[in-house]
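Thanks for sending this one over. Here are my notes, point by point, to read with the model open.

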Amino acid sequence: SRELADVQAMYRHVLIQEKAGGARFADAEVIHIAGHTERQGRGDATMRFDDRTSTSWASIATGPPVSSATVELAACETLRRPQGFALSLGAGFLAAGAGDVIGTLDAIADEDAYDLFRDVHRQLAAGAGADEAVRRAQITALAARRGVDWQSIAVLTRHIPQRVQ
């Protein structure tokens, strides 16, 4: 609830949906999803929510469309691709239409994730793009000597950067 309150305070228009079932993302600019990841039998990751529901990359990719929003997945290993043909949870959101997905490549402590993702939201709310928001949050974590969890956060994107001349 503290995390949701902090995120809500940074934006003018916020929709809070506490349960995962029936989520609709078509009109959102920034989507924040907090939960925990679990490995299934084949190594596929699912994201588990407090209401005890969970979702996989496949159900995300084939579910309701996601606008070209920035999706922030505040959980462990949301960008880590399992063995075989499975996608990461973050890649499932790209397949569903998200423009950028901010997530983690490794396990991350809850309090460190809270600090990092809050800093990313500050940057997004101030108008930074996903890549720049993550870069600035990582620099803040380095300057504050918060440990090494800043290395886990990354961005998947469908945007092709403009060539600098």
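1. Let's start with Asp119. Setting aside neighbours within four places in sequence, Asp119 is in contact with Ala137, Thr140 and Arg146. Keep in mind that this is a predicted model. Asp119 sits in helix α4. Is Asp119 buried or exposed? With a relative accessible area of 4%, Asp119 falls under the 20% cut-off, so it counts as buried.

2. The buried residues of α4 are Ala113, Tyr114, Asp115, Leu116, Phe117, Arg118, Asp119, Val120, His121 and Leu124. What covers the buried residues of α4? The cover includes α1 (2-10), β1, β5, β6, α5 and β7.

3. On geometry, α4 has 16 residues and spans 22 Å from its first C-alpha to its last, close to the 22 Å expected at 1.5 Å a residue. After α4 comes Gly127, with a positive phi near 105°.

4. Now the sheet of four strands. It is open, its pairing is mixed, and its order is β1-β5-β6-β7.

5. If you want a spot to look at, Glu72 stands opposite Ile102 in β6. Two helices pack on this sheet. Helix α4 (residues 110-125) touches β1, β5, β6 and β7, and its direction makes about 165° with that of β5. Helix α5 (residues 130-143) touches β5, β6 and β7, with its direction at about 175° to that of β7.

6. There is also an open sheet of three strands, in the order β2-β3-β4, and here the pairing is antiparallel. Its edge strands are β2 (36-39) and β4, each pairing on one side only. The twist in this sheet averages 35° from one strand to the next. β2 and β3 pair over four bridges in the antiparallel sense, and His36 has Arg48 in β3 as its bridge partner.

7. Thr55 deserves a click. You'll find it in strand β4 (residues 54-56), and at 21% relative accessibility Thr55 is partly exposed. The side chains of Thr55 and Ser59 are joined by a polar contact of 2.5 Å. Leaving out residues up to four places away in sequence, Thr55 touches Ala45, Thr46, Met47, Phe49, Ile60 and Leu89. From Thr55 to Glu38 is 17 residues in sequence and 9.9 Å in space, C-alpha to C-alpha.

8. Next, the packing. The largest nonpolar core has 19 residues, of which Ile33, Met47, Val66, Val71, Leu73, Phe93 and Val101 touch the most other members. At least two residues of this core come from each of β1, β3 (45-48), β5 and α3. Which element gives the most to this core? That is α3, with three residues.

9. Not counting residues up to four places away in sequence, Val101 touches Val71, Leu73, Leu79, Gly90, Phe93, Leu94, Ala154, Val155 and Leu156. A second, separate core has 15 residues, including Ala74, Ala133, Val134 and Ile153.

10. Most residues other than glycine have a negative phi. Glu77, which is not a glycine, has a positive phi of about 55°. Glu77 lies in the loop between β5 (70-74) and α3 (89-95). Glu77 is also buried, with a relative accessible area of 16%.

11. Finally, the overall picture. The protein has five helices and seven strands, and the pattern along the sequence is α-β-β-β-β-α-β-α-β-α-α-β. Of its 165 residues, 39% are buried. Among contacts between residues at least 6 apart in sequence, 71% join residues at least 24 apart.

Note on methods. Residues are numbered from 1 along each chain as its sequence is written. This is a predicted model: local features need pLDDT of at least 70, side-chain atom pairs count only at pLDDT 80 or more; totals for chains, interfaces and linings use all residues. Side-chain values use heavy atoms; hydrogens and water are left out. Buried means under 20% relative accessible area, exposed over 50%, partly exposed in between (1.4 Å probe, protein chains only). Two strands pair if DSSP finds at least two bridges between them. Contact means heavy atoms within 4.5 Å. Axes are lines fitted to C-alpha atoms, for helices over the stretch in contact, and angles run from 0 to 180 degrees between N-to-C directions. A polar contact is a pair of N or O atoms within 3.5 Å; within protein, one must be able to donate a hydrogen and the other to accept it, and residues adjacent in sequence count only if both atoms are side-chain atoms. The expected span of a helix is 1.5 Å times one less than its number of residues. A nonpolar core is a set of buried Ala, Val, Leu, Ile, Met, Phe, Trp, Tyr and Cys residues joined through side-chain atoms within 4.5 Å.
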